[in-house]
Each structure stands twice: as structure tokens, then as C-alpha cells.
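Please work through the exercises below with the sequence and the model at hand. Each task is followed by a solution in steps.

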Amino acid sequence: LEKQADIHLLTGEYDQVLTICQEALKSCQNVFTRARLHLKLGRVFEKRSEFQKALEYYREGEAILGDNQICSEMAQLRNASGWALCWLREYDNAIESCRQALKILEQVSDMQEIAYANNVLGVVYYYLHLWEQALEYYQKSLSIQEKISDQWGTANSLNNIGNIYAMTYHWEKALEYYQKSLELREALGNQAGVATSCNNLGHIY
């Protein structure tokens, strides 16, 4: 059922995800599975831009894990909470949530999730207009994504770094990173990403 929910989440069939996860929760006793189901439910509301509702599911998932603090599920939930808090403009809480995730991930060693935590921190500092800190976290995220061959993540991080250089008037650097992001997104067939990259390049020119 979890795999089915993941497929529906990827294809944007959010009502199906809600139905599957809510039905699964009725009979599921395993705390780790229940936590993952709450993560998926939260993702649905995140996709719908209902960030407060998403945060509620993430927090419930954290509570379900109880004393099981050092696990990938807790790290994922803390990262997801950080992202929701960022969109709710609770920046200090977002930073704290992601830092908690990174502490867990030092022991769990989930490289993709470490990259995600650094990316979220970069976004938070971007919205705070703290460009140096944002750039530092984006570069950390990019370095990991390149190592683990996460091409979609790499394209996003290249674009994010381009945003920093654009905001700080380093036009040539911004163009360089936007172009790299565009080329990778074209290779991946990421049409929405290609449109974003072209738009960003247009602003520079």
C-alpha cells in the first residue's frame, strides 16, 4: 500500500493517496509504518499549499515515533516540518527542525535526506536575505547530490545557486549556474524546470 501511495503522490493523484493512507492507518500497528503514512499525508497537503495542515501530520508522525528518535523516519519528518515551517514564515523554527534532522542523519547516514536538509536551510536563509549562509547550504546540498547522482536535485541546487548570484548582482556567475541547470533539466525532460530556468535566464539578459 505504501508503494501505491508513493506512485499516486508522484502522479498528482492526491485523493487516492489520502484514501490509501487513511485506510492503512486503521489497521497498522507498526510505529515506523504509521510515521511514514503520516509523512505521505503531510506531503499531500504540502502539494496543495496547505502548509499548516501538512505540519500537523508531520508533527503527529514525530509523536508516533516516541522514543525512536534516531531513525530515517524521524529525520524525514523533521525535514518535512522544516519545509512547511519555512512556507509558514516561521524561519527560526524551520532552522531548528532541519538542524535536528541533520543531527539524526549524522547517525543514520541518509545522504539524500542530508542534501534535502541543507537545501531547506538554504531556502530559509534565502528568504531571510542572508545570502552567504544560503549559498553555503545550497553548495553543501549540491556537493552531496552530485556524489549520489541525484540529477533532479542537482538541477534544482544549480538553479538555487544561480538565484543567489542574481540577487547579489554577480551576473556572469548567475548565468553560468542557470545554464547548467537548464541543460540538466532538458536532459531529464523536466519541462516545468526548463521553463523556470529559461525564465531566470531571461531576467538576467
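**Exercise 1.** Which helix gives the largest share of the lining of the largest pocket?

*Solution.* The model is predicted: local features need pLDDT of at least 70, side-chain atom pairs count only at pLDDT 80 or more, and totals for chains, interfaces and linings use all residues. Residues are numbered from 1 along each chain as its sequence is written, and side-chain values use heavy atoms, with hydrogens and water left out.

Step 1. The lining of the largest pocket comprises 38 residues; a lining residue has an atom within 4 Å of a pocket point.

Step 2. Helix 7 supplies the largest share, eight residues.

Step 3. Arg 43, Glu 46, Lys 47, Tyr 116 and Asn 156 lie nearest the centre of this pocket.

**Exercise 2.** Determine how helix 3 is oriented relative to helix 4.

*Solution.* Step 1. Two packed helices are described by the angle between their axes and the distance between the axes.

Step 2. The axes of helix 3 (residues 31-47) and helix 4 (residues 51-65) cross at roughly 175° and come within 7 Å.

Step 3. Helix 3 is therefore roughly antiparallel to helix 4, a term for angles over 145 degrees.

**Exercise 3.** Decide whether Ile 144 is buried or exposed, and identify residues that it touches.

*Solution.* Step 1. Ile 144 belongs to helix 8.

Step 2. Because its relative accessibility is 12%, Ile 144 counts as buried (under 20% relative accessible area).

Step 3. Leaving aside residues up to four places away in sequence, Ile 144 touches Met 111, Ile 114, Ala 115 and Asn 118, where contact means heavy atoms within 4.5 Å.

Key
Axes are lines fitted to C-alpha atoms, for helices over the stretch in contact, and angles run from 0 to 180 degrees between N-to-C directions. Helices (H or I, at least four residues) and strands (E, at least two) are DSSP runs, numbered from the N terminus. Angles under 35 degrees count as roughly parallel, over 145 as roughly antiparallel, 65 to 115 as roughly perpendicular and the rest as oblique. On a 1 Å grid over the protein atoms alone, a cavity is a set of points where a 1.4 Å probe fits but cannot get out, and a pocket is an open set with protein on both sides within 12 Å along at least five of seven lines; lining residues have an atom within 4 Å of a point. Buried means under 20% relative accessible area, exposed over 50%, partly exposed in between (1.4 Å probe, protein chains only).
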